[in-house]
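Visitor: Hi, I'm new to this one. Can you show me the model and walk me through it?

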Amino acid sequence: MVDESDKYATMTNDDFVEHLIAHIDEHVQLKELLQIPGIYEILGEYYNNDVLERWSTAQHWTCPTCGAYVDDYGKFCQPSCRPDYHEPTAVHEVKI
Ligand SMILES: [Zn+2]
């Protein structure tokens, strides 16, 4: 009979790390990691400057009026988002 307490006796810390990485790689989504208590705080603090830079860059690529993504810096996504846009007035053709 195998003594359960000896089952992992030969496992080294490196073994644990190797299998931990493999498990996370194969089974865990990054979004799930952020839900583990304490992880969000650690990653958020560690990558704080990268996140701020990323956010700042993203602001340049959104429509200033509605926030939709645009192809060019400072552009509006559609004519109606321009501040000087006016609804087209209906033109009635007069038939003679
Ligand atoms: Zn827009």
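Guide: Let's start with a term. Helices here are DSSP runs of H or I with at least four residues, numbered from the N terminus. Thr 10, for instance, lies in the segment before α1. One caution: this is a predicted model.

Visitor: Okay. How many helices and strands are in the chain?

Guide: Four helices and zero strands. From the N terminus on, the order is α-α-α-α.

Visitor: Is the chain spread out or a compact globule?

Guide: Spread out. The radius of gyration is 28 Å, while the globule rule gives 12 Å for 96 residues, so the chain is more spread out than a compact globule. The C-alpha atoms fill a box of roughly 105 × 35 × 20 Å along the principal axes.

Visitor: And what percentage of the residues count as buried?

Guide: 0% of the 96 residues.

Visitor: Back to Thr 10. Buried or exposed?

Guide: Exposed. Thr 10 has 7 C-beta neighbours inside 10 Å, and the cut-off for exposed is 12 or fewer.

Visitor: How far is Thr 10 from His 92?

Guide: Their C-alpha atoms are separated by 88 Å. Along the chain, Thr 10 and His 92 are 82 residues apart.

Visitor: New topic. What domains does the assignment give?

Guide: Domain 1 covers 11–46, and domain 2 covers 62–96.

Visitor: How far apart are the centres of domain 1 and domain 2?

Guide: 47 Å, taken over C-alpha atoms.

Visitor: Tell me about α4. Which residues does α4 have, and what span should they give?

Guide: Helix α4 takes in residues 48–59. At 1.5 Å a residue, its 12 residues should span 16 Å. The end C-alpha atoms are 17 Å apart, which agrees.

Visitor: Why does α4 lie largely in the open?

Guide: Because the number of buried residues among its 12 is zero.

Visitor: Give me one residue from there.

Guide: Take Gln 59, found in helix α4. Gln 59 counts as exposed because it has 10 C-beta neighbours inside 10 Å.

Visitor: How far is Gln 59 from Tyr 73?

Guide: The C-alpha atoms are separated by 8.9 Å. Gln 59 and Tyr 73 sit 14 residues apart along the chain.

Visitor: Last thing. Where is confidence lowest, and where is it highest?

Guide: Lowest in α4, at a mean of 88. Highest in helix α1, residues 13–27, at 97. The chain averages a pLDDT of 89, and 96% of the residues score at least 70.

Conventions: Residues numbered from 1 in each chain as written. Predicted model: local features only at pLDDT ≥ 70, side-chain atom pairs only at ≥ 80, totals over all residues. Helix = DSSP H or I, 4+ residues; strand = E, 2+ residues; numbered from the N terminus. Expected span 1.5 Å × (residues − 1). Buried ≥ 20, exposed ≤ 12 C-beta atoms within 10 Å, placed from the backbone. Domains from an automatic or database assignment. Rg over C-alpha atoms; globule rule 2.2 N^0.38 Å. pLDDT = per-residue confidence, 0-100.
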